Amino acid sequence: MKLVIKGRLPGLNEYIDQERMHRQAGARLKRDAEETVLWFAKASLRGKIKTPVIMHYVWIEPNRKRDKDNVSSFGRKVIQDALVKGGYLPGDGWGQIEGFTDSFVVDRNNPRIEITFEEVKK
């Protein structure tokens, strides 16, 4: 199963900046990003993701301006929380997510996030 999210999500630095301005601004930024994830999930995911899974993230950025950890750390949190809220994942704890991988690519014309869910056989 694969999920593609067109565009970029806010990075950790953007979230921290919003939190410093006003606590509710940070919450709004995260909520808006989760709504974006859910919009793409509704368009492409059919049914629940079988767990446990390894989530393979490909972060496709328009340039190399943002640090990799800035892109992925907050992005993973937003994506996983949104998938739980939307009912696609039963949870995002140790029992549901076995691990994850990150890779990074630059595509100036088509930034996006591609997540592949690898079911782990127990």
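Predicted model: local features only at pLDDT ≥ 70, side-chain atom pairs only at ≥ 80, totals over all residues.
**Briefing: aromatic pairs, helix packing and an open sheet**

**Aromatic pairs**
- Y15 and F74 form a stacked aromatic pair, with 4.7 Å from centre to centre and 20° between the planes.
- Because Y15 lies in helix α1 (residues 12-21) and F74 in helix α3, this pair ties together parts that are 59 residues apart in sequence.
- F74 is buried, with a relative accessible area of 5%.
- W39 and F40 form an edge-to-face pair, because their ring centres are 4.9 Å apart and their planes stand at 85°, an angle over the 60 degrees required for that description.
- W39 counts as exposed at 57% relative accessibility, whereas F40 counts as buried at 16%.

**Helix α2**
- The 22 residues of helix α2 (residues 23-44) should span 32 Å at 1.5 Å a residue, and this agrees with the end C-alpha atoms, which are 32 Å apart.
- The buried residues of α2 are A25, G26, L29, K30, A33, E34, V37, L38, F40 and A41, and they pack against β1 (2-6), α1 and α3.

**D81 and its contacts**
- D81 lies in helix α3 (residues 68-85) and is buried, because its relative accessible area of 12% is under 20%.
- The side chain of D81 makes a polar contact of 2.9 Å with the side chain of K30, and K30 is itself among the buried residues of α2.
- When neighbours within four places in sequence are left aside, D81 is in contact with K30, E34 and D92.

**The sheet and the helix packed on it**
- Four strands, in the order β1-β4-β2-β3, form an open sheet with mixed pairing.
- β1 and β3 (97-106) stand at the edges with a single partner strand each, so one side of each is left without a neighbour in the sheet.
- Neighbouring strands of this sheet are turned against each other by 15° on average, with direction ignored.
- β1 pairs with strand β4 (residues 112-119) in the antiparallel sense over five bridges, and K6 stands opposite R112 in β4.
- Helix α3 packs on the sheet and touches β1, β2 (53-61), β3 and β4, while its direction makes about 130° with that of β2.

Key: Residues numbered from 1 in each chain as written. Heavy atoms only, no water. Helix = DSSP H or I, 4+ residues; strand = E, 2+ residues; numbered from the N terminus. Buried < 20%, exposed > 50% of the residue type's maximum accessible area, 1.4 Å probe, protein only. Polar contact = N/O pair within 3.5 Å; in protein donor to acceptor, adjacent residues only side chain to side chain. Contact = heavy atoms within 4.5 Å. Phe/Tyr/Trp six-rings, centres within 6.5 Å; stacked < 30°, edge-to-face > 60°. Expected span 1.5 Å × (residues − 1). Pairing = 2+ DSSP bridges. Axes fitted to C-alpha atoms, helices over the stretch in contact; angles between N-to-C directions.
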